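Dear colleague,

My notes on it come after.

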Amino acid sequence: SMDKLTQQQRAVLDFVKLYAKKNGFPPTRTEISTGFGWASANAAQQHLMAIARKGYIRLLAKGQSRGIAILK
């Protein structure tokens, strides 16, 4: 069973899904941060890691700026 996402994590996941649908590839950490008005791409990374731990996405090789695989 999948752990439930927080409201913020759900918003990030929805952003990633919509971006990927529109562009054909997932957003970068910076694009996610910009989309939410966060100062740092690290904020996006922290959310992505939590979402990945809960089984909704998989983060691909380190250093791949668009390395997000959507699972659910």
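This is a predicted model: local features need pLDDT of at least 70, side-chain atom pairs count only at pLDDT 80 or more; totals for chains, interfaces and linings use all residues.

Residues are numbered from 1 along each chain as its sequence is written, and side-chain values use heavy atoms, with hydrogens and water left out.

The protein has three helices and two strands, arranged α-α-α-β-β from the N terminus on; these are DSSP runs, helices being H or I of at least four residues and strands E of at least two, numbered from the N terminus. The C-alpha trace spans about 30 × 25 × 25 Å along its principal axes. Of the 72 residues, 35% are buried, that is, under 20% relative accessible area with a 1.4 Å probe, counting protein chains only. Among contacts (heavy atoms within 4.5 Å) between residues at least 6 apart in sequence, 50% join residues at least 24 apart.

Helix α2 covers residues 29-36, and R29, I32 and S33 are buried in it. These residues lie on the same side of α2, because they cover an arc of only 95° around the axis, the arc being that of the directions from the helix axis to the C-beta atoms. The cover over the buried residues of α2 includes α1 (7-23) and α3 (41-53), together with the strands β1 (57-59) and β2 (68-70). Just after α2, G37 adopts a positive phi of about 75°.

Notes
Buried means under 20% relative accessible area, exposed over 50%, partly exposed in between (1.4 Å probe, protein chains only).
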